[in-house]
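Biologist: I would like to learn how to read charge and surface features in a model. Please take one feature at a time.

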Protein chains: 2
Amino acid sequence: MPTKNVQRLLKDNEKYAAQLTGGDLPVLPSRLCCLVTCHDARIDPTKAFGIGIGQCHVIRNAGGSIKDALRSILISQHMLGTREVILVKHTDCGTASFTNEEAHETVNDNQGEVTVPPDFDFMPFVDPETSVREEVAWLKSLKALYKGTVVSGLVYDVETGKVKQVV
Amino acid sequence: MPTKNVQRLLKDNEKYAAQLTGGDLPVLPSRLCCLVTCHDARIDPTKAFGIGIGQCHVIRNAGGSIKDALRSILISQHMLGTREVILVKHTDCGTASFTNEEAHETVNDNQGEVTVPPDFDFMPFVDPETSVREEVAWLKSLKALYKGTVVSGLVYDVETGKVKQVV
């Protein structure tokens with residue numbers, strides 16, 4: 001039996017599929033770009049950043065971590081042909097609201113035992129702007145990053161909906 | 001100087017921010033759910049799955065890998081309060097088009113030297129339906145998964161736009 005959320009998803013998808021035309025888009029994104037951002041529910045990259053269907057790979061994880069996104073970035077570039085990376089972190093981010101120690105404590109408290117390895121990195125950060133600068137620099141320093149790749153870093157303000165370029 | 005893609009993003013964002021009202025949404029997604037799917041450019045979770053702003057965490061990576069999404073899922077549940085996980089893999093996935101060995105060869109050939117550790121896992125898979133079943137089972141077996149979490153697994157057909165539940 002599907003959950004209430006899955007039922008809703010299936011119903012909404014039925015409407016979407018019924019009106020879909022031209023579903024045979026190429027695998028290669030037309031903007032040759034991959035965008036990395038946070039999994040935050042308040043961000044809709046299509047609406048906020050104008051990313052249309054077929055245009056960019058969209059990688060999303062807690063905090064919009066470039067390190068956590070590395071496997072996807074390498075696949076996007078080397079196996080699928082993108083040539084640009086855009087990182088967008090945001091204000092009021094959940095992943096900037098705790099330390100690694102606090103995350104370990106909370107998970108283990110919730111589960112009633114130690115359930116994640118002590119060295120598991122939840123990759124929290126403090127300031128989005130500083131973190132964008134650091135993570136863009138880290139990515140650009142990697143030898144595996146496709147030669148000549150341009151990497152940009154931006155910060156999105158979830159309250160005003162405005163994005164600004166940092167690097 | 002912003003790249004052409006960043007210029008376009010900034011311009012589209014200006015229009016978005018200008019019409020935004022009620023930007024002060026809560027951090028906790030209203031459906032208490034996190035959705036994991038692929039970074040594929042042909043998938044727009046808002047349109048295809050009816051995920052509105054503020055409703056779900058949306059985690060995306062190459063292939064829609066649950067293992068790769070684990071840090072984000074744990075943060076989503078334990079630090080931010082979601083209680084359900086929905087995995088959606090899809091047909092014609094780029095991450096099902098190569099083996100680990102091929103990915104290593106391609107990356108190192110492109111860069112002209114060995115640039116990723118030999119044990120780096122690109123997490124390719126073969127069949128989306130089989131992979132969804134295996135990854136959902138793996139996640140459910142984890143002691144760190146919030147107690148009582150319901151995990152569903154679906155496959156999206158990028159050509160027809162139709163999604164079906166697998167598990």
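Biologist: How far apart are the mean positions of the positive and negative charges of chain A?

Modeller: Lys and Arg count as positive, Asp and Glu as negative, with His and the chain ends not counted. The place of a charge is NZ of Lys, CZ of Arg, CG of Asp or CD of Glu. In chain A of this predicted model, the mean positions of the 18 positive and 21 negative charges are 10 Å apart.

Modeller: As to conventions, residues are numbered from 1 along each chain as written, and chains are lettered from A and ligands numbered from 1 in the order written. Local features need pLDDT of at least 70, side-chain atom pairs count only at pLDDT 80 or more, totals for chains, interfaces and linings use all residues, and side-chain values use heavy atoms, without hydrogens and water.

Biologist: Which residues form a negative surface patch?

Modeller: Patch residues have over 30% relative accessible area and no salt bridge, and like charges are joined within 9 Å. A salt bridge is a side-chain nitrogen of Lys or Arg within 4 Å of a carboxyl oxygen of Asp or Glu. Here A:Glu101, A:Glu102, A:Glu105 and A:Asp109 form the patch.

Biologist: Why does A:Glu101 count as exposed?

Modeller: Exposed means over 50% relative accessible area, buried under 20%, with a 1.4 Å probe and protein chains only. A:Glu101 counts as exposed because its relative accessibility is 55%. A:Glu101 lies in helix H4, residues 100-111; a helix is a DSSP run of H or I with at least four residues, a strand a run of E with at least two.

Biologist: And chain A as a whole?

Modeller: Chain A has five helices and five strands. Of its 167 residues, 56% are buried.

Technical notes. Patch = residues over 30% accessible without salt bridge, like charges linked within 9 Å, V, L, I, M, F, W, Y side chains within 5 Å. Areas by Shrake-Rupley, 256 points an atom, 1.4 Å probe, with all protein chains shown as cover.
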